[in-house]
Amino acid sequence: MIDRKRVFWFILLRLLVVSVFLVTTLYLDVHTYDVSGDVAPKVLIRLIVATYVFSLGSLAVLYYSRQVRTLTYAQIVWDLILVTVMILISGGVTSPYAFLYFLSIISASTLLARSQAYYTASLCVILYGAILDFQYYGKLVPLGLSPSPAHQYGAEYLFYLIFLYCAAFFLTAILAGHLSERARRSESAFQEKVIDYEELERLNSCIVSAIDSGLLTINPAGRIRVFNRYMEHLTGLSQQQAYDRPLAEAIAGLSPFDSCFFEGGQGEFRHQGGDGRQLLLSFKSVPLTDKDGVTVGAIFDIHDLTEMKRLAAELKRADRLAAVGELSARMAHEIRNPLAAISGSVQLVALRPRVDEKDKRLFSIILRETDRLDGLLRDFLFYAKPTQPTKIPLKLRQVIADLCSLLSTDPRLAGVTIENRVPDDLVVVFDKDQCSQVFWNLLVNSAEAIAGEGAIVLEASAVRSGKKGEVRISVRDSGSGMNQADVKRVFEPFFTTKKGGTGLGLATVYRIVETHGGRMVVDSAEGAGTTVTLYLPA
Ligand code: ADP
Ligand code: MG
């Protein structure tokens, strides 16, 4: 790779050197040329003008073209020609300009490579040797160069001169080649390192801004410097707003810890987030040191523990509830057996011939209440210990139609019309018994809310939510509806507003829908009816 800048400076340098020659030739009247008459200065001036034109042309080519290598070769060749002509017109053997060949060799090694320096040195030896030889044998007389000075030196001295220059040219080539090679290598190594630093810096800032935990640094005065994107999200402050603010002021919860900021501290604190939420945050600070180990600040790692703590508390509560559920399910099971015995015995006693009417009424109260108790226990057992569902594809419309014919004799549904608008081909993957149980509970609730004349409408359709598909099923009634406080509590076990209700119907439905991977929403207003909507995975 040839450095364009270097070629540019090289051409400028040559223009300068040539200008110096021009000045010395024209004004200082230094008669170094031996060639006869006025020819020499004319040739020299022409040569210098040509060199100007060539150099300016080269600069233009350098600016517009990509062919830097060819252009560089052309510069070296031109220089060799220039030097050779100058030697020829300034007396050949006696010319003082032979040293200019060294400049050509040095420029070849700095602009191109070591091998090109050797080629140039070889060319210089050939050219200079040829000048001396041709002059000695009188071959340069047509150019105006007399062989007499060469003869005065003698063949032996000329041979010695050629040998001396040859050695000097190659030594220069070796030295300059070696030096410029080293310079090139360290330059490229330096450049590689610069690229690495840039890459590292970009990577660093990428990581700092992308990590899912708060990261900030402070200077020794306790003022904020780095403030990453997650910190912005936690505090609602932008990096600009936070920059240079005292940390204890920007995050008030941290102020009790300010004595240990620079010694590596850790702790938990409460913080009001940008959106007004109360957050529980944890921090860990590490002193930030420079390369000599002097503390130049501190770096803070901040985590949001709010969600984790909430989940932990919820898990603990769920655990406790599960234990209570297990225990009460066992108890309910144990109560059902004696209950069956009581109701069976009472029925037998009631069959005896000498039971009067008053006793019969008492017996029927016992039977009714044991029945109710048994129903409650059955519901509770199902709620507390639901059976594992066997999921199969079901035609929802058919399931609801079967349920309607089963409910047609139920007195609670007298006067209620059920409109089954579920599409024929809609299929849900559900446990068959649990599916009936879900809609049985919803229909009975609606019928009880209607209490007389009214309608229940069932609708279903496939919908898209995000990437996955869902089946939306709604049960809408024209019943009494409920207030918003009740809507919030309908899924709580044992929440009921009915005399004799168990409050387990919707809790059970919710649990079944949940185990099938679905969710449900209740929409209601007092006097405006209720819509229960289930979303099941398709
Ligand atoms: P229960 O029917 O035994 O009371 P549920 O869990 O089925 O228990 O219902 C809980 C409560 O939610 C009911 O007591 C009632 O107040 C309210 N509720 C449920 N469904 C409806 C509905 N379709 N319309 C009005 N209120 C309802
Ligand atoms: Mg109910």
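View 1. At 27% relative accessibility, Glu 459 is partly exposed, a class lying between buried (under 20% relative accessible area) and exposed (over 50%), as judged with a 1.4 Å probe and protein chains only. The model is a predicted one, in which local features need pLDDT of at least 70 and side-chain atom pairs count only at pLDDT 80 or more, while totals for chains, interfaces and linings use all residues. Residues are numbered from 1 along each chain as its sequence is written, chains are lettered from A and ligands numbered from 1 in the order in which they are written, and side-chain values use heavy atoms, with hydrogens and water left out. The side chain of Glu 459 meets that of Arg 421 in a salt bridge of 3.2 Å, N to O; the term denotes a side-chain nitrogen of Lys or Arg within 4 Å of a carboxyl oxygen of Asp or Glu. This pair links distant parts of the chain, 38 residues apart: Glu 459 is in strand S9 (residues 454-465), and Arg 421 is in the loop between S7 and strand S8 (427-430). Helices (H or I, at least four residues) and strands (E, at least two) are DSSP runs numbered from the N terminus. Arg 421 is also partly exposed, at 41% relative accessibility.

**View 2. The salt bridge between Glu 448 and Arg 412.** The closest N and O atoms of Glu 448 and Arg 412 are 3.6 Å apart. Because Glu 448 lies in helix H14 (residues 432-450) and Arg 412 in the loop between H13 and strand S7 (416-420), the pair ties together parts that are 36 residues apart in sequence. Glu 448 is partly exposed at 31%, and Arg 412 is partly exposed at 35%. Both residues belong to a network of salt bridges that links Asp 410, Arg 412, Glu 448 and Lys 498.

**View 3. The salt bridge between Lys 309 and Glu 268.** Here the closest N and O atoms are 3.6 Å apart. The two residues are separated by 41 positions, with Lys 309 in helix H11 (residues 306-350) and Glu 268 in strand S3 (residues 266-272). Lys 309 has a relative accessibility of 39%, and Glu 268 has a relative accessible area of 44%. The count of salt bridges comes to 22.

**View 4. The surroundings of ligand 1.** Ligand 1 is surrounded by 18 residues, the closest being Asn 445, Thr 496, Thr 497, Lys 498 and Leu 506; a residue is included if one of its heavy atoms lies within 4 Å. Polar contacts are pairs of N or O atoms within 3.5 Å; within protein, one must be able to donate a hydrogen and the other to accept it, and residues adjacent in sequence count only if both atoms are side-chain atoms. An N or O atom in the side chain of Lys 498 is 2.7 Å from an oxygen atom of ligand 1. A polar backbone atom of Gly 505 is 3.4 Å from an oxygen atom of the ligand, and a polar side-chain atom of Thr 530 is 3.1 Å from a nitrogen atom of ligand 1.

**View 5. Cys 124 and the closest cysteine sulfur.** The sulfur of Cys 124 is 11 Å from that of Cys 166, too far for a bond. Cys 124 is buried, at 0% relative accessibility. Zero disulfides (pairs of cysteine sulfur atoms within 2.5 Å) are found in the whole structure.
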